[in-house]
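Here is a short report for a first look. Keep the structure open while reading.

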Amino acid sequence: DDQIERERASQHLAGGCCALAAIYLMGKFYVANAGDSRAIIIRNGEIIPMSREFTPETERQRLQFLALLRPELLGKEFTHLEFPRRIQPKELGKKMLYRDQNMNGWAYKKIEEDDLKFPLVFGEGKKARMMATIGVTRGLGDHDLKVFSSNIHIKPFLSCFPEVRVYDLTQYEHCPDDVLVLGTDGLWDVTNDKEVAAVVMEVLTSYEPNDPCRYTMVAQELVVRSRGVLKERGWRLANDKLGSGDDISVFVIPLGGPGNYT
């Protein structure tokens with residue numbers, strides 16, 4: 001992240017990205033995630049999550065706590081409190097549900113002038129945005145990103161620090177059908193963990209266990225199915241729902257060699 005900041009002037013590069021990394025060291029997989037990509041292990045048909053997505057919803061409490069400590073970062077345009085919906089001026093003095101960095105549930109408060117500001121976290125699911133700008137809260141870069149038509153920087157709320165999960169391969173016996181799947185959000189937006197696991201098993205069983213291209217073919221099939229087919233109404237999946245409109249990158253990494261196959 002520091003290197004991107006140093007190079008943005010000399011390279012004239014702007015923007016940022018999420019990061020998902022898997023490192024194998026001394027019998028263990030270390031999976032580090034900063035962003036909304038995802039990693040899962042599929043072992044004997046079982047799905048083992050190896051990451052979680054960092055979004056305004058999942059990191060609401062961290063974002064709100066930072067805003068509470070440093071209210072100047074909100075530029076007098078946003079409030080760190082969250083409400084079920086946008087508050088209207090006519091609702092001043094009335095009671096409404098709210099929550100802050102200390103709360104998982106909701107409570108009532110009387111609406112004040114400051115509550116009319118735009119919420120730091122607004123929206124639900126894939127539509128959730130921080131400062132009405134960005135839908136991911138960890139990653140690299142984005143040092144110049146600002147709230148639209150303002151001088152409010154987003155970067156202080158973006159964390160480049162990943163969450164790391166460890167998987168010990170020595171604790172289990174793995175066959176060639178056991179894999180680690182890494183994918184960007186373009187895959188997971190339209191394909192859930194169970195659907196990915198089903199594609200993995202379907203493709204792998206059509207190849208010999210010692211055929212190294214079987215894992216590349218799984219990754220290719222996951223990309224193709226998540227993008228869909230171009231029709232008059234856009235890219236469509238097999239169930240006629242919209243295909244992924246985002247970039248899709250997929251890695252499929254075997255956890256066991258042919259010698260482990262039984």
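## Overall make-up

Over residues 1–255, how much of the chain is helix and how much is strand? The chain is 20% helix and 26% strand there. The end C-alpha atoms are 30 Å apart. Helices (H or I, at least four residues) and strands (E, at least two) are DSSP runs, numbered from the N terminus. The UniProt record, an unreviewed entry, annotates residues 1–255 as "domain: PPM-type phosphatase"; such annotations may be inferred rather than shown by experiment.

This is a predicted model: local features need pLDDT of at least 70, side-chain atom pairs count only at pLDDT 80 or more, and totals for chains, interfaces and linings use all residues. Residues are numbered from 1 along each chain as its sequence is written, and side-chain values use heavy atoms, with hydrogens and water left out.

Helix H2 spans residues 60–69. Its buried residues (under 20% relative accessible area, 1.4 Å probe, protein chains only) are Arg60, Leu63, Gln64, Leu66 and Ala67. Seen down the axis of H2, they fall within an arc of 160 degrees (taken from the directions from the helix axis to the C-beta atoms), so they line one face of the helix. They pack against strands E10 (121–122) and E11 (129–130).

Leu120 sits in the loop between strand E9 (118–119) and E10. Leu120 has 0% relative accessibility and counts as buried. Its contacts (heavy atoms within 4.5 Å), leaving aside neighbours within four places in sequence, include Leu63, Gln64, Ala67 and Met130. Leu120 and Met130 are 10 residues apart in sequence and 5.7 Å apart in space, C-alpha to C-alpha.

## Salt bridges

The structure holds 21 salt bridges. Each is a side-chain nitrogen of Lys or Arg within 4 Å of a carboxyl oxygen of Asp or Glu. One of them joins Asp193 and Arg38 (2.7 Å, N to O). This pair links distant parts of the chain: Asp193 is in helix H4 (residues 193–204) and Arg38 in strand E4 (residues 38–43), 155 residues apart. Asp193 and Arg38 are buried.

Lys126 forms a salt bridge with Asp189, the closest N and O atoms being 3.0 Å apart. Lys126 lies in the loop between E10 and E11, and Asp189 in the loop between helix H3 (185–188) and H4, so the pair ties together parts that are 63 residues apart in sequence. Lys126 is exposed at 52% relative accessibility (the cut-off is over 50%). Glu5, Arg8 and Asp144 are linked in a salt-bridge network.
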